[in-house]
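Please look over the model shown here before reading the notes. They cover strand pairing, helix packing and the nonpolar cores.

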Amino acid sequence: MSTPPKDIFDAKLFLAKVGDGKAILEFHKNQKIFEQGDVAETVFYIQKGKVKLTVLSEQGKEAVVAILEPGHFFGEGCMNGHKVRISTTTAMEDCVITSIAKAAMITALHDEPKFSELFMSYLLTRNSRIEEDLIDQLFNSSERRLARLLLLLANFGKDGEPQRISPNISQETLAEMVGTTRSRVSHFMNKFRKLGLISYNGHIEVNNSLLSAVLHEKPLLKERD
């Protein structure tokens, strides 16, 4: 008599359910999930909504360092020995987020290869993004950095159709992420719109022509600050 097959572990289903050391949390727009300096003992996973990560310098200057979407983890620094949060995370819209206590996270990574594979894939992708962001900041103009950021926010190059960029992502937020002023971002956005690279209809829609301009380094993206 054959042995019944063991239940197949579904990593995303695991993240969507309440369990030992796990909770499903809801946050409203502009509500903080954790703040810089808070005790770090939990990892979070976004099921629904967008979250921004900001860092505040000793001089009081705040910068947006990332915008996270469904399928992204954050707060994983606690797994690497960070005792306190090094950034603040804020819901940009209504969010549903899974919180996973550090001990439960360690157990899941040890016992469930599929979950470990999902988490490692995320970390490797994020590490590559950080390296690309550093190169972008070092060698590209603010105009080209903005173009690349718009493509990333619209999920160009990922499965499915490019997404419209939420109106919750303001020009001020874009400026902080690009490392320039809001007036420069406004200038470039108007330029992109006039050239047909993007369009506005409540949301920002990124056109394929912007991707082409970035890939082929067309003159409009070579202007320096």
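Predicted model: local features only at pLDDT ≥ 70, side-chain atom pairs only at ≥ 80, totals over all residues.

Residues are numbered from 1 along each chain as its sequence is written, and side-chain values use heavy atoms, with hydrogens and water left out. Helices (H or I, at least four residues) and strands (E, at least two) are DSSP runs, numbered from the N terminus. Two strands are called paired if DSSP finds at least two bridges between them.

**Sheet S2-S7-S4-S5**

- Four strands in the order S2-S7-S4-S5 make an open sheet with antiparallel pairing.
- Its edge strands, each pairing on one side only, are S2 (32-34) and S5.
- From one strand to the next the twist averages 30°; axes here are lines fitted to C-alpha atoms, for helices over the stretch in contact, and angles run from 0 to 180 degrees between N-to-C directions.
- S4 (residues 51-56) is joined to S5 (residues 62-68) by six antiparallel bridges; Lys52 has Ile67 as its bridge partner in S5, and Leu53 stands opposite Ala66.
- Five residues separate S4 and S5 in a hairpin, and Gly60 in the turn has a positive phi of about 90°.
- S4 also pairs with S7 (residues 88-91) in the antiparallel sense, over four bridges, and there the bridge partner of Leu53 is Thr89.

- Another open sheet of four strands has the order S1-S8-S3-S6, with antiparallel pairing.
- S1 (22-27) and S6 (73-74) are the edge strands, each pairing on one side only.
- Six bridges link S1 to S8 (residues 95-101) in the antiparallel sense, and Glu26 stands opposite Val96 in S8.
- Helix H2 (residues 102-111) lies across S3 (42-48), S6 and S8, and runs at about 80° to S8.

**Nonpolar cores**

- A nonpolar core is a set of buried Ala, Val, Leu, Ile, Met, Phe, Trp, Tyr and Cys residues joined through side-chain atoms within 4.5 Å; buried means under 20% relative accessible area, exposed over 50%, and partly exposed in between (1.4 Å probe, protein chains only).
- The largest core has 27 residues, and Leu146, Leu150, Leu174 and Val206 have the most contacts inside it.
- At least two residues of this core come from each of S5, H4 (142-153), H5 (171-178), H6 (182-194), S10 (203-206) and H7 (208-215).
- H4 gives the largest share, six residues.
- Domain 1 (11-136) and domain 2 (140-216) both contribute to this core, so it lies between them; the domain bounds come from an automatic or database domain assignment.
- Leu146 is in contact (heavy atoms within 4.5 Å) with Leu174, Val178, Val185, Phe188, Met189 and Phe192, leaving aside its neighbours within four places in sequence.
- A second, separate core has 15 residues, including Phe14, Leu15, Ala108 and Phe119.

**Arg144**

- Arg144 is located in helix H4.
- Arg144 counts as buried because its relative accessibility is 14%.
- The side chains of Arg144 and Asn140 make a polar contact (3.4 Å); the term stands for a pair of N or O atoms within 3.5 Å, where within protein one must be able to donate a hydrogen and the other to accept it, and residues adjacent in sequence count only if both atoms are side-chain atoms.
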